[in-house]
Amino acid sequence: MTAITKSLAALVSCALAAGGLTAAGVAVLQPGTAQASSHREAPLISGQPEYDATDVYAFVSPDKPDTTTMVVNVLPFQDPAGGPNFYKFAHDARYDLHVDNDGDGQGDLLFRWTFKDHLKNGDTFLYNTGPVNSIEDATLNFTQTYDLEVIKLKHQKAVARAKLGSDLPVAPSNVGKASMPDYQKLRDQSVQKIGYSGGSTAFAGQADDPFFLDLRVFDLLYGGDMSEVGNDTLKGYNVQSMALQVPTSALTESKDQPVIGVWATTHRQTADGDWTQVSRLGSPLVNEVVIPRKDKDKFNASSPWDDGQFLKFVQDPELPKLVEQIYKIKAPDTPRDDLVQAFLTGVPKLNQPPNVRPAEELRLNTSIEPNGSPKRLGVLDGDNAGFPNGRRLSDDVLDIALQAMEGELLGKKNDLGDAVDENDQKFGGSFPYLALPSSGSDAKAVSKSAGQSLLNGGSGVGSSSDDNMLLAGSAAAGGGAVLLLGLGFLWMRSRRRGPRVR
């Protein structure tokens with residue numbers, strides 16, 4: 001038995017009696033029922049997208065290196081034109097970001113977002129009743145605000161808590177250019193200074209999904225033909241983002257111990273008022289490609305300090321076997337202690353804290369300065385400021401994970417990847433760094449030569465100039481009839497597509 005295996009065995013045998021560790025609304029990670037997280041990667045949460053955490057990021061802020069930026073994204077695959085209700089955070093959820101600053105697998109700080117819905121006029125179906133030039137405009141019919149607090153923990157019991165902000169504004173969904181002609185202004189107004197450690201900043205709202213990859217990996221690893229890769233499946237989709245920029249000194253245990261571990265959870269309020277954990281997420285792709293389907297929900301019900309129960313999936317992962325089966329690339333020998341470092345303990349002399357308890361967290365050594373020219377493969381390409389040392393928005397985590405799975409950390413050099421090397425939109429140079437969300441008017445333009453229109457249903461039959469004159473005249477004479485016809489068309493489309501879960 002290796003030292004790491006013994007450590008994990010000890011982790012299980014010495015796990016705290018989590019059922020008794022509740023304090024001041026801080027639920028320990030031992031709920032009765034749990035779902036899954038990330039981009040629809042587990043069975044139960046796929047029907048509850050508002051509670052579904054997609055990705056967690058943690059990195060030393062490139063323009064403010066004395067601070068650390070942390071981002072949690074939820075509600076994946078947002079179609080920018082998905083009105084009339086568009087997208088929001090759940091009002092019956094606690095979105096928690098945990099920080100472990102001593103390597104024991106338990107949170108020492110917990111940042112919590114809770115959201116409220118506000119509707120100005122319930123007698124209209126519109127999200128906005130006119131152009132929105134400010135997040136305070138009366139024309140923005142539906143809005144959200146949030147409270148943000150920080151809770152200091154000791155053995156998962158709250159010993160102190162503080163409200164960092166109340167009724168902070170949420171950036172709205174980017175409905176379209178006619179509705180929101182200057183969305184950057186709305187984003188800027190949603191970035192708020194908060195009272196934590198003398199210089200913190202918060203943001204919550206819609207953003208472009210920063211994760212870039214070709215999700216056809218699930219079609220038997222790109223259909224058995226790696227030449228077919230290269231399509232950014234998440235291009236054009238948005239997410240709901242929560243971001244914090246905090247002085248690093250407020251997160252770390254000390255200058256001598258600069259490594260922190262970060263993960264996110266979502267708790268949903270039940271009918272009887274209790275809170276149930278429905279999502280947990282730290283490092284990317286763990287629950288997606290390491291944990292088998294039968295245990296995905298169990299993983300999200302568990303706590304990081306209980307991760308010894310998943311050791312066998314890390315030491316003997318399925319993905320390299322699939323690659324060997326389909327592409328005849330021999331899988332590395334097991335047990336995979338290199339992956340234990342990547343996923344559970346951190347890498348020695350990089351981001352492994354002293355006396356670490358193996359636990360699945362996104363570990364960041366905050367003493368490593370940002371790289372002015374980040375390399376997408378992070379540590380694998382000599383850039384120690386990147387994944388798996390934390391995770392920056394630009395880190396190509398799918399390529400890194402594929403190469404690590406195939407033994408890159410063991411000296412088995414390979415260049416596996418999905419040929420999607422960067423996000424479709426450029427990231428910002430200042431907090432919250434996320435690209436602006438795509439808008440409802442950014443849909444692909446229909447070719448005029450196809451003759452598609454609202455009235456002919458896109459049949460491909462072109463309309464003549466006389467037809468256009470007739471349509472214009474009809475609209476002038478009977479605008480109400482045209483509106484009703486358009487609404488009827490949209491209703492028929494929704495009936496054909498079936499109900500959508502929001």
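Reply: Let us begin with strand pairing, for which a definition is needed: two strands pair if DSSP finds at least two bridges between them. Please note also that this is a predicted model. In E5, Thr 143 is the bridge partner of His 118.

Me: Which strand does E5 join through eleven bridges, and in what sense do the two run?

Reply: In general, strands of a sheet pair through backbone hydrogen bonds, either parallel or antiparallel. Here strand E4 (residues 109-119) is joined to E5 by eleven bridges, and the two run antiparallel.

Me: With which strand does E5 pair over nine bridges?

Reply: That partner is strand E6 (residues 157-169), and the pairing is again in the antiparallel sense. Two pairs of residues can be located on the model: Ile 151 has Arg 161 in E6 as its bridge partner, and Lys 154 stands opposite Lys 157 in E6.

Me: How many residues lie between E5 and E6 in their hairpin?

Reply: Two residues separate them, and His 155 in the turn has a positive phi of about 50 degrees.

Me: Is strand E5 mostly covered or mostly open?

Reply: A general point comes first: in a regular strand the side chains alternate between the two faces of the sheet. As for strand E5 (residues 142-154), eleven of its 13 residues are buried, so by the cut-off of under 20% relative accessible area the strand is mostly covered. Over the chain as a whole, 52% of the 502 residues are buried.

Me: What is the strand order of the open sheet of five strands?

Reply: The order is E1-E2-E9-E8-E7, and the pairing is antiparallel. Its edge strands are strand E1 (53-60) and strand E7 (192-194), each of which pairs on one side only. On average, neighbouring strands of this sheet are turned by 20 degrees against each other, direction ignored.

Me: How many bridges join E7 to E8?

Reply: Three bridges join E7 to strand E8 (residues 200-208), and these strands run antiparallel. Within that pairing, Lys 193 has Thr 201 in E8 as its bridge partner.

Me: Which helix lies across E7 and E8?

Reply: Helix H2 (residues 183-190) does, running at about 145 degrees to E8.

Me: Which elements do the buried residues of H5 pack against?

Reply: They pack against strand E11 (275-281), helix H4 (286-290) and helix H6 (311-315). The buried residues of helix H5 (residues 293-301) are Asp 295, Lys 296, Asp 297, Phe 299, Asn 300 and Ala 301.

Me: Which residues line the largest cavity?

Reply: The lining consists of Leu 339, Ala 342, Phe 343, Leu 380, Phe 387, Pro 388, Ile 400, Ala 401, Ala 404, Met 405 and Leu 409. By class, the lining residues are eleven nonpolar, no polar and no charged. Helix H8 (337-345) and helix H9 (397-405) each supply at least two residues, and the largest share, four residues, comes from H9.

Me: Where is Pro 388 in the chain, and what is the geometry of the peptide bond that joins it to Phe 387?

Reply: As a general rule, most residues other than glycine have a negative phi, and most peptide bonds are trans. The bond joining Phe 387 and Pro 388 is cis, with omega about 10 degrees. Pro 388 lies in the loop between strand E12 (362-365) and H9. A cis peptide bond also runs from Gly 83 to Pro 84, where omega is near 5 degrees. Pro 84 is found in the loop between strand E2 (67-78) and strand E3 (93-100).

Me: Why do Phe 86 and Tyr 433 count as buried?

Reply: Phe 86 counts as buried because its relative accessibility is 13%. Tyr 433 counts as buried because its relative accessibility is 3%.

Technical notes: Residues are numbered from 1 along each chain as its sequence is written. This is a predicted model: local features need pLDDT of at least 70, side-chain atom pairs count only at pLDDT 80 or more; totals for chains, interfaces and linings use all residues. Side-chain values use heavy atoms; hydrogens and water are left out. On a 1 Å grid over the protein atoms alone, a cavity is a set of points where a 1.4 Å probe fits but cannot get out, and a pocket is an open set with protein on both sides within 12 Å along at least five of seven lines; lining residues have an atom within 4 Å of a point. Ala, Val, Leu, Ile, Met, Phe, Trp, Tyr, Cys and Pro count as nonpolar, Asp, Glu, Lys and Arg as charged, and the others, Gly among them, as polar. Buried means under 20% relative accessible area, exposed over 50%, partly exposed in between (1.4 Å probe, protein chains only). Axes are lines fitted to C-alpha atoms, for helices over the stretch in contact, and angles run from 0 to 180 degrees between N-to-C directions. Contact means heavy atoms within 4.5 Å.
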